[in-house]
Structure formats: structure tokens, C-alpha cells
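Subject: the structure to look at

Hi,

Here is the structure I promised to pass on. Have a look at it first, and then read on for what turned up.

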Amino acid sequence: MQDAVAPTPAVTYRSAIRAGWQILRQHFPAILGPVILWGLAVLAGFIVLGIATDLDPANTDLWRFPLYLWANVLMMGLFRLFGAVHAGQPWHWRQVFWALRRADAWTLAMIPAALSALLVALSGLPQPGTAPLTLAQMHWSHLIPILILSYLVTTLFQYAFVLYAHHEDSPKIAIRHALRIFGDQFAWLWFPLVLSLMVMLALLIAFIVIGFIFGLVMMALHGLLGANVAKPIFMQMISLALLLVMLPCIPILYGAIVVAAGAMEPGEQGR
């Protein structure tokens, strides 16, 4: 799949985001099935983590490592799928699980999984099942450097995953190209942050609108059916609405990263 990540001197923040939007607008019905399969596979990892945590709560930090490893390997498959879709190449739903059978993919995924598990353990955040900390209780002087380091690790390896998934180079080569975000492609270090903030703003607006509409619906259901019947119906409706709103964000986020990774290619001057 040498052309899946299509490096181009014209790649910009705008063109990368536009590419993600085009994947959503033109291909979403076709890729919805694979995206749901990917989400269910990731969810299965969280379920296993929850079971392991209940059985062995003292080693919760240790159990996070296989979860992150599993999620990272699945992420490579999703990047491969969106790269093929963006490039107009034939694709199949099995591409979501493409990396599961590749030993070097697990090797590449192991590095950020270990670092992420370590950073979460060092963050001092409460264990699952315990009371969450308030903003005033958090040690921000300790937490902020960890959050920054986590962002740097995540961004570096997202680009490395894309480059590996679509060029099938060795993990070493993929990481070396991705390291350009700390050099001549420094501007792309901040692209995932900008992209995430834009999507979060869109989601916030959507949630406000949904909240207003469903508030009116809840009032109507309460009057027609009574509180006991209306509440479970309302919760199911709002859960479905949130899922329908968040699902389209996946092609935009991951598709845009696929295109942005083209700027990491040797000789490219993306900005």
C-alpha cells in the first residue's frame, strides 16, 4: 500500500482536515461497519481490563499495559483502512485487524503502551472504582508535565503507526520519519491538538443542541408516560444520540492524521 499515505508538498492543516471530512462525507456508510467492529474490539479490551482489575486490584497499573498494547495495534489497522479509503484503493473490513498478525506491529505498539502505562501510574490519578479527585485536589505541578509528555509520546507514535501501516517499513524507519515533528516538521507536532480542539468544539455545540432538544422531549415524555417510564426511555434515546454524534468524529480524526503523516515523508515540506 505504498500510495495510501500520499505525501504532497501542498499538505497543510486545512487540507488534512478537509481529507478527513471527505472520508466522512463520501465513505461513511461504507466504512461504518469496520469502524463499529474496531470500536467493539477496543471495548473488549476495556472489559477485560475491568475484569482483571476486579480480580487483582493491586496491579491495576500493570494491567493497563496490555490494554494500551491492544488498542495501539488496532489503531494501526484503522489507519491502514482510512489510508486505503483516502487513496481510492480497494479495502476490506479485515484491514482493521491487519496488524494483529504482524510481530513487528506488536513491537512498535509496545513502546508507547509501556510509556503510557508508566505515565498514568506516575500521574497519581485515582484507581478505577475509587472516588475521583476534584480539580482542587489534583497536584497540577506534578500532573501538567506528565500530560505534556503523554501528548508528545502519543503524537509521535500516531504518526509512526500511520507510516508503518501504509508503507510496511520496519518500526525503526517509521519512528525515524515520525521524529521529524521535532525537527523540520515541528508544526505538525501540534496538529492533533488543534484537530482535537476543533472536534471538541463541534461536539460541545452538538451536545448543547441535543441537550435542549432532549430536554423538551423529556418534558413531553414525563407528561405523557410518567416519570418511571419516561426516564429509561429518555436515557436510551440520549445514549443513542451521543453515539450517533461521536461516530462521525472517528473518520475525521483518524483520516486527517493519515493525510498529515504524509508530511513526514523525506523531502516533504508540509506545514
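Among contacts in the protein between residues at least 6 apart in sequence, what percentage join residues at least 24 apart? The answer is 80%. Before going further, please keep in mind that this is a predicted model, and that the values below are computed from it.

**The overall picture**

There are 8 helices and 0 strands in the protein, so if you read along the sequence the pattern is simply α-α-α-α-α-α-α-α. The chain has 271 residues, and 41% of them count as buried.

**The core**

The largest nonpolar core has 63 residues. Within this core, the residues that touch the most other members are Phe 82, Tyr 159, Trp 188 and Phe 191. At least two core residues come from each of α1 (13-55), α2 (60-87), α3 (103-123), α4 (140-167), α5, α6 (191-225) and α8 (249-260).

Apart from neighbours within four places in sequence, Phe 191 is in contact with Tyr 13, Ala 16, Ile 17, Tyr 151, Tyr 159, Ala 256, Ile 257 and Ala 260. Tyr 159 is on that list, and Tyr 159 is also one of the core residues that touch the most other members.

**Helix α1, inside and out**

Setting aside neighbours within four places in sequence, Val 35 is in contact with Phe 82, Leu 247 and Ile 250. The C-alpha atoms of Val 35 and Leu 78 are 7.8 Å apart, although 43 residues separate the two along the chain.

Ile 47, on the other hand, is partly exposed, at 48% relative accessible area. Ile 47 belongs to a nonpolar patch on the surface, together with Ile 36, Leu 37, Leu 40, Leu 43, Phe 46, Ile 51, Leu 55 and Trp 93. Taken together, the residues of this patch have about 880 Å² of accessible area.

**One face of α5**

Helix α5 covers residues 171-178, and its buried residues are Pro 171, Ala 174, Ile 175, His 177 and Ala 178. Why do they line one face of the helix? Seen down the axis of α5, the buried residues fall within an arc of 165 degrees, so one face is what they line. As a general point, an α-helix has 3.6 residues a turn, so residues three or four places apart point the same way.

**Salt bridges**

How many salt bridges does the structure hold? There are 2. In general, side chains of opposite charge can pair when their charged atoms come close.

- Arg 102 pairs with Asp 104, with 3.8 Å between the closest N and O atoms. Arg 102 is partly exposed at 23% relative accessible area, and Asp 104 is partly exposed too, at 25%.
- Arg 180 pairs with Asp 184, at 2.4 Å from N to O. Here Arg 180 counts as buried, at 14% relative accessibility, while Asp 184 counts as partly exposed, at 48%.

That's the tour. Happy browsing!

Key:
Residues numbered from 1 in each chain as written. Predicted model: local features only at pLDDT ≥ 70, side-chain atom pairs only at ≥ 80, totals over all residues. Heavy atoms only, no water. Helix = DSSP H or I, 4+ residues; strand = E, 2+ residues; numbered from the N terminus. Buried < 20%, exposed > 50% of the residue type's maximum accessible area, 1.4 Å probe, protein only. Contact = heavy atoms within 4.5 Å. Arc of directions from axis to C-beta. Salt bridge = Lys/Arg side-chain N within 4 Å of Asp/Glu carboxyl O. Core = buried A, V, L, I, M, F, W, Y, C linked by side-chain atoms within 4.5 Å. Patch = residues over 30% accessible without salt bridge, like charges linked within 9 Å, V, L, I, M, F, W, Y side chains within 5 Å. Areas by Shrake-Rupley, 256 points an atom, 1.4 Å probe, with all protein chains shown as cover.
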